[in-house]
Amino acid sequence: MRVVLQNYATGELEIAEVAAPAVMPGQILVQTRSSLVSVGTEKSIIDVAQKNLLGKALARPDWVRQVVDRARTEGLAEAYRQSRARLDTPVPLGYSSAGVVLEIGHGVAGFTIGDRVACAGHGYASHAEVVSVPRNLCARIPEGVSFEQASFVALGGIALEAVRLARPEIGHRVVVIGLGLLGQLAVQTLKASGCRVLGTDLAADKLALARELGADAVVNAADDVMSAVREFTGGHGADSVLIMASTESNQPIEQAAEACRERGRIVATGLVSLDIPRQPFYDKEIEFVVSRAWGPGLYDADYEERDVEYPLPHVRWTAQRNMAAFLDLVAEGRVQVDPLITHRVPFEQALDAYEMILAGAEPCIGVVLSYGPEADTSHTIALQKGQSVPAVPSVVGVGLIGAGLYARGTLLPALQQIKGVRFGGVATASGVSGRHVGSKFGFDYCTTDYRELLQDEAVQAVFVLTRHGAHARLAAEALRAGKAVFAEKPLALNCEDLWDVLRAWQEGSGFLQVGFNRRFAPATRYVQERLAGGAGPLVVHCRCNAGYAPPDNWVHHPEEGGGRIIGEVCHFVDLIQMLTGGVPVEVYVASATGAGASQRDNITVSLKLDNGSVGSIVYAAGGDKSFPREYVEVFGRGAVAVIQNFKSASVTRAGRTARKRGFGVDRGHVHELETFFRHLRGDSRSRCPCASMSPPRWRLLPWRSLSPGAWRCRWTRMGSCARVWMSSRAHRPPDRLFPAGCGVGGPSVLRIGAGPGGPGAPDQRDHRVPRLSRPGRPATISGSPLATGNDGRAGCVPHRGAPGGAGHTHRPGALAVQLRRQFRVGRPQGAACGCRSGVLAAAATGPGGVGLANAPGHALDAERPGSLSPERRRSRYPAPASLDPLLRGPGAIPLPSR
């Protein structure tokens, strides 16, 4: 299919051939019949794109600050590469169209194939032959409304939202400044609301058109506007003023303040300067508001991307409802759009239309692009046309799923440095980024159906670079297809997805590597080599000045990003394990609380490793990004090592300091990829030692799971390891997160319970963190044996409430209620019962086991009626011993027999 694209780096405007978009859940696939050019908005986008670097810098000073900060912390080369990657991205133009539904995405209701719909939204309702649009940004076209008329839906919604914010009443006198497309639509909408309207503009033809469409009075902006306003309003001033002009001048807002009556209202919709003069606003106590596009829901990822509708009783007019209301006004003839169409252009001549708009040779208000009845809906297009690439055994074909900023700015430039790699196919959801990345880096083809890569025999390795929530699913599918998989961290967001990847690894013939690149960084290797050979534990401290991520950023979404703790802190956990050679056995996490800490991404983590080493991580999201991002210190074995932002490293021993400096930041991406491909080609020397790799014996759980206010307990099994986590009802942030190594063999018992006494009882003691015993050793609490008895009370972990005496207890069976939802062991759905006196005991059985052992005093008994017998448990939950090597590391996994 074809689409109009604007490149910010080159300023080039083109009609490009791209793969038709894939229909996503909550979206509908629409074949476009008409689309409207928003002359003012799109002209401003093109103007910025066609400026030189200095012009872009002056137009977007926020971009300049980001580049300067990156150059200061990571060097000029890295800042340049990332800036080019951000700029060198084609942007589809257009955001208002109409067409016919071709396909319905999963979960979409209210639309059927063949429906006539109007679409809106930047990046969705583009000037393209086929578009995929969220359900909440589509509205069914009423009978009698043509595709041309319906293509005005986004602009009409903008005008309607501005009118709503003006709070018009029947008989109100309203002034509209600027009679372009939005101004003309606003005039008609105000008239439909029972208002009397005065319009002002510099163009005589626009004044005449406003008169024709119902304006009660018009005045040229070059004339005495205030006299006309006083005459029009009887000397009182306008009840409200709508600013629809587009200019860098501050005159519109000054004029609006003068025209407005006391306690009137000004709504700014156009692109105008907002240097508000205080005196007239103070004297008249004027209300001022800036309208945001076509209504509530716009720019809300939940509303746009995740199909979350706002309830009508609370939000009467959302973006979609405004769109539908505008189309109803058109159907009733109360708003006319045909007189606004000054140019009808076939889609093939769209570039000529933009040249006309930029030149300003002809007056234009409504420019409509018309499309043919047929469109190419293929999801794959060839990029290297006419070239046949011979199969070479030593060359590895690569497929890429996801082509975001990380892929363009970091991984693909590193991948270009690897010899013996052929870029096969690239898969993206929209098709636009896939074509651009595929053409730039020399891929054979691009597609919007990632399954094409999995079926391509010429692709041996698949790189999964999507948002975090899709990593596990895509990695599992690629493994089952027999591909070698490089999955960017994190591999999974929950245990169920992780188990699916493990099963896929068993079933397939490929191998897996997770993108923990910092262990491959030259600075990391330099420090590790100089500390190797020594004896004794190490103390490692990692600090990450991560910077602020807005709450609506996808990384915070529990299903798409999993939060920054799972998504980013995992890097430093892996780094600590790499430097120390140990495996975490105890973890303590504390998060900052209070104002501005709602995301729980300001944390400290303390780790104790099985070889006696300890580590700490400070992950801060509230710092200044101009300060270096990462800093690592290692103490032990008679030396002190420092890694500064992976630009340099130093090791001090016996009073002497050895240093390693680089030309810029190197976080190990190239060496990581070299290791991946050497391993793929069968070089056993490139395999990462399993013992040194990060085993998923524990993980930092999403903060949404650790919300205070209720006891929660979850027991999970991963190979020979078990984990229990809990958060208390005390008035403090959850700060207990600990692993429990069960070992292989006989059961280890953990009891969690409440001691005697009610809330605030003075005899309650500190809540202490228990640790599961290994085989043959009793579980302990702070060094004391954990009692096990048959009375249902022995083994309780005493606790104390938060400062102020606010203690907490459980009702008998309270934990069992939680476990019915979350305890997936023993019985179907973990239907736990019999929790008496607030005591919970559980045991794990063998490698991979998920059942409960029968032991005296256990509140959960595997032999009770309704539970699975040991034989049935073993048949339902097999425990493949061959998973153990896989569980010992997220790095390159070898190809042993399964």
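Reader: What makes helix α16 mostly covered?

Author: The model is a predicted one. In helix α16, residues 432-441, eight of the ten residues are buried. Among them are Val-432, Arg-435, His-436 and Phe-441. Their cover includes β1, β2, α15 and β19. Gly-442, with a positive phi near 80°, follows α16.

Reader: Why is Thr-447 called buried?

Author: Buried means under 20% relative accessible area. Thr-447 has a relative accessible area of 1%, and is therefore buried. Thr-447 belongs to strand β20 and touches residues including Ala-19, Val-426 and Glu-452.

Reader: What makes the approach of the Thr-447 side chain to the backbone oxygen of His-379 a polar contact?

Author: A polar contact requires a pair of N or O atoms within 3.5 Å, one able to donate a hydrogen and the other to accept it. The side chain of Thr-447 reaches the backbone oxygen of His-379 at 2.9 Å. A polar atom of that side chain also lies 3.0 Å from the backbone nitrogen of Asp-449.

Reader: How do you know that β24 and β28 pair, and in which sense?

Author: Pairing requires at least two bridges between two strands. Strands β24 and β28 are joined over six bridges, in the antiparallel sense. Arg-543 stands opposite Tyr-631 in β28.

Reader: Why do β25 and β31 stand at the edges of the sheet?

Author: The open sheet has eight strands in the order β25-β26-β27-β24-β28-β29-β30-β31, with mixed pairing. β25 and β31 each have a single partner strand, so one side of each is left without a neighbour in the sheet.

Notes:
Residues are numbered from 1 along each chain as its sequence is written. This is a predicted model: local features need pLDDT of at least 70, side-chain atom pairs count only at pLDDT 80 or more; totals for chains, interfaces and linings use all residues. Side-chain values use heavy atoms; hydrogens and water are left out. Buried means under 20% relative accessible area, exposed over 50%, partly exposed in between (1.4 Å probe, protein chains only). Helices (H or I, at least four residues) and strands (E, at least two) are DSSP runs, numbered from the N terminus. Contact means heavy atoms within 4.5 Å. Lists of a residue's contacts leave out its neighbours within four places in sequence.
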